[in-house]
Amino acid sequence: TLGYKRDLTETLSLAVILDQPIGANTNYPLGTGYPLQGSTAVINNVGLTALAKYSFPSNVSVYAGVRGLQTSGDVSLTGGYVLDTSSELDFGYIVGAAWEKPEIAARVALTYLSSITHTFNATENGMPSLDFTTVVPQSLLLEAQTGVAENTLVFGSVRWVDWSVFDVTPVGFAAANGGASLVDFENDTITYSLGVGRRFNEQWAGALTLGYEPSNGGQSGNLGPTDGNYSIGVGATYSPNERMDITAGISYIGVGSTFTQVPVAGVSDFSGNSAIAAGIRFGMKL
């Protein structure tokens, strides 16, 4: 992620954000005996968002902007099916509002991101196919924080994503599989996070975060065999001066167990899986 924010006046700010808001990289290695060994699937995505924020004297601010997503995908399945899509650039919007009380480090913000619809040109098994449409889902994010003691901050968020509208159904794949989708999700997701931060001195601060996404039950798709998760993470921020900060963190993620329906082989059990995520961020005030 790369972001730049500039205050034009005391009430008006602009920001530009470059990120990868969605993505996937599934790989079942050869030599495992799993029926889908050798299958891979990749979704590549880059997003660019331009935002403007206006702050009212009452500690309330509103913000809105335009978001562009450029997305493409490639799939190779055991059994010989191969999909390559065009790279498509389409646009949506973002709107939100926030309330802040700086003297107690309090802030509440609600942000809505619209859905974005891509229509892909497709090549299936090396042959041109008909176009198909996929919707990148809308989402709603509620964030809150407040100081609870001197140099101590509690923060959290709730995020809803409309994943039930996400569907990848190439025409040739559907025709060969009784109308089935290559990738789809039956349920939306709601993700909760809660954390506490503590400033130890002028240069060092730390944070502990917890995350939870409830499982929905039922079966999952073969290219995304997870159902919910929980996480715990720790982070630290080093501020050598008033204009620079460096933040690093690491999280353990317990991946939610699920079942998938594998052709011929029947039901497969994905359970007991976990992941480690780590990141670092540099911030500079000009």
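Author: Happy to: we will start with the largest nonpolar core and then look at a few other places for contrast. Keep in mind that this is a predicted model.

As a bit of background, nonpolar side chains in soluble globular proteins tend to be buried together. Here the largest nonpolar core has 14 residues. Which of them touch the most other members? They are Val 75, Leu 77, Leu 83, Leu 182 and Leu 223. Three strands each supply at least two residues of this core: strand 5 (60-77), strand 6 (81-85) and strand 9 (116-124).

Now zoom in on Leu 182. Once its neighbours within four places in sequence are left aside, what is Leu 182 in contact with? Its partners include Val 75, Leu 77, Leu 83 and Leu 223, the very residues named alongside Leu 182 as touching the most other core members. Leu 182 also contacts Tyr 81, Val 168, Thr 169, Pro 170 and Phe 173. There is a second, separate core too, made of five residues, among them Tyr 28, Leu 36, Val 262 and Phe 270.

Strand 17 and strand 20 (residues 258-262) run parallel and are joined by two bridges. For example, Gln 219 has Phe 259 in strand 20 as its bridge partner.

Not counting residues up to four places away in sequence, Ser 239 touches Glu 202, Gln 203, Met 244 and Asp 245. Thr 146, in strand 11 (residues 139-149), is partly exposed, with a relative accessible area of 29%.

Finally, visit the second largest pocket, which has a volume of about 170 Å³. Its lining includes Lys 5, Asp 7, Thr 11, Leu 12, Lys 53 and Pro 102. Strand 1 (2-7), strand 2 (12-19) and strand 4 (40-55) each give two or more residues to the lining. By type, the lining residues divide into two nonpolar, five polar and five charged.

Technical notes. Residues numbered from 1 in each chain as written. Predicted model: local features only at pLDDT ≥ 70, side-chain atom pairs only at ≥ 80, totals over all residues. Heavy atoms only, no water. Core = buried A, V, L, I, M, F, W, Y, C linked by side-chain atoms within 4.5 Å. Buried < 20%, exposed > 50% of the residue type's maximum accessible area, 1.4 Å probe, protein only. Helix = DSSP H or I, 4+ residues; strand = E, 2+ residues; numbered from the N terminus. Contact = heavy atoms within 4.5 Å. 1 Å grid on protein atoms, 1.4 Å probe; cavity = no way out; pocket = protein on both sides within 12 Å on 5 of 7 lines; lining within 4 Å. Points joined across faces, edges and corners; volume = space filled by probe spheres on them. Nonpolar A, V, L, I, M, F, W, Y, C, P; charged D, E, K, R; others polar. Pairing = 2+ DSSP bridges.
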